[in-house]
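Dear colleague,

Please find below the structure that I am handing over to you.

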Amino acid sequence: MNKLMHHVFRLGCALLMLALAGPVFAEDAASATLTPLPLPEASATPLPETFQTPMPSLPPYPPLIGERVVVWRVIPPAIDTSALLEEAFGAEAQGIQKEEQDYGSICWNLSEEGLPLCSLRHRRGAEGIQMDFEIVRRSDWDGERVYLYNLDEWNAIPEESGFDAPQAAETTEEGIALLSRLGLYTGSTAAAPISYSTLGRMEGTAKCRKTVFAETLEGLPLRWSAAALRGAEEVRDVVISRCYVQIAFSDEDGLLMADGSWCGFEPLERASAILSPEEAAARFRQVLPSDEGNTLPVETCWFLSLNHSLEATATLAYRMGNSYLSAAEGVWLQTE
């Protein structure tokens with residue numbers, strides 16, 4: 001039952017990432033000429049309306065001054081292993097056991113099956129693209145206190161959830177500090193809090209506080225292509241996840257768990273001119289039905305995709321619904 005609920009939560013979190021939206025920047029410029037890595041053609045089912053509601057706004061994207069990186073190479077993040085172990089076991093822990101697993105993954109614990117534990121996980125085919133990490137300090141079922149932190153839908157306390165709730169700011173700051181210690185804040189990447197919940201409404205459970213963060217690049221959300229997420233034929237050996245992390249704390253036991261997927265980025269292509277949001281909106285209206293092209297917002301984001309060599313890139317893009325337009329070249333990256 002525990003595993004089933006865990007999978008239910010993961011599905012819910014994956015859908016939640018579709019809701020992240022950032023502000024649009026306004027710039028009047030002509031298109032620039034680039035030679036990007038080849039991208040696979042893709043189409044996708046439109047997003048359900050439920051998941052199109054914008055989440056809290058991200059910081060404004062800076063105006064274009066000189067050249068700007070418009071294409072990045074996606075690489076695994078440089079997670080600080082020493083910090084990961086210290087967060088999981090404490091600074092004075094002895095007897096930590098290390099186990100090497102498939103695809104270069106590593107798990108550490110203090111006994112064969114006991115907690116706490118932590119891990120750095122690579123998934124098949126995505127070893128050079130993305131990394132999963134996990135810290136588990138308290139089980140969600142066993143122990144003196146039962147924490148059902150994977151059951152938001154049934155276990156959340158409404159009056160103590162949301163970013164205006166008591167302890168929301170404090171908990172969010174704790175999560176950001178943890179991610180910073182792990183090395184996930186760089187000059188370009190950061191974490192945007194998109195959900196805060198106080199859990200513990202179910203009988204017999206203890207309260208805990210959970211924040212979900214989505215990774216951003218230069219203040220903009222990351223959007224994986226439909227082909228990468230669903231495992232299209234040309235990338236069927238690669239399992240990609242949206243870039244997010246969930247972190248739970250309690251007043252009694254401190255950090256309970258942290259679990260997520262993250263990417264790193266290297267500059268690949270630059271441009272001195274990009275499409276304006278108005279130009280992008282006009283192009284969307286040419287290809288989308290009138291009821292969508294005239295009503296859906298234009299989002300500025302990074303479109304992450306795989307090429308046939310199983311390399312990933314992040315391209316500065318405009319998004320409307322599930323269609324993406326390159327902000328640098330004005331070419332379609334994905335259409336509905």
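This is a predicted model: local features need pLDDT of at least 70, side-chain atom pairs count only at pLDDT 80 or more; totals for chains, interfaces and linings use all residues.

Residues are numbered from 1 along each chain as its sequence is written, and side-chain values use heavy atoms, with hydrogens and water left out.

**Salt bridges**

Side chains of opposite charge can pair when their charged atoms come close. A salt bridge here is a side-chain nitrogen of Lys or Arg within 4 Å of a carboxyl oxygen of Asp or Glu. By this rule there are eleven salt bridges.

Asp251 takes part in one of them, with Arg209, and the closest N and O atoms are 3.1 Å apart. This pair links distant parts of the chain, 42 residues apart: Arg209 is in strand E7, and Asp251 is in the loop between strand E9 (244–250) and strand E10 (254–262). Helices (H or I, at least four residues) and strands (E, at least two) are DSSP runs, numbered from the N terminus.

A second salt bridge joins the side chains of Lys207 and Glu160 (2.8 Å, N to O). Lys207 lies in the loop between strand E6 (189–199) and strand E7 (208–217), and Glu160 in the loop between helix H3 (152–155) and H4, so the pair ties together parts that are 47 residues apart in sequence. Lys207 is partly exposed at 44% relative accessibility, and Glu160 is partly exposed at 23%.

Arg121 is partly exposed, with a relative accessible area of 21%.

Strand E13 covers residues 312–320, and nine of its nine residues are buried. Ala312, Ala314, Leu316, Tyr318 and Met320 point one way from E13, whereas Thr313, Thr315, Ala317 and Arg319 point the other way.

Which strands pair with E13? Two strands pair if DSSP finds at least two bridges between them. The pairings of E13 include the following:

- Strand E1 (residues 68–75) runs antiparallel to E13 and is joined to it by three bridges; Val71 stands opposite Thr315.
- Strand E12 (residues 299–306) is also antiparallel to E13, with eight bridges, and Phe303 has Thr315 as its bridge partner.
- Strand E14 (residues 323–326) is antiparallel to E13, with four bridges, and Leu325 is the bridge partner of Tyr318.

E12 and E13 form a hairpin with five residues between them, and Leu310 in the turn has a positive phi of about 60°. E13 and E14 form a hairpin with two residues between them, where Gly321 in the turn has a positive phi of about 65°.

**Nonpolar cores**

In soluble globular proteins, nonpolar side chains tend to be buried together. A nonpolar core is a set of buried Ala, Val, Leu, Ile, Met, Phe, Trp, Tyr and Cys residues joined through side-chain atoms within 4.5 Å. The largest one has 37 residues, of which Trp224, Phe265 and Trp302 touch the most other members. The elements that give two or more residues to this core are E1, strand E8 (220–224), strand E11 (264–271), helix H6 (277–287), E12 and E13. Apart from this core lies another, of 25 residues, among them Cys118, Phe133, Ile135 and Leu179.

**Cysteines**

How many disulfides does the whole structure hold? A search finds zero, a disulfide being a pair of cysteine sulfur atoms within 2.5 Å. The sulfur of Cys107 is 7.0 Å from the closest cysteine sulfur, in Cys118, which is too far for a bond. Cys107 is buried at 12% relative accessibility, and Cys208 is buried at 1%.

Yours sincerely

Methods: Buried means under 20% relative accessible area, exposed over 50%, partly exposed in between (1.4 Å probe, protein chains only).
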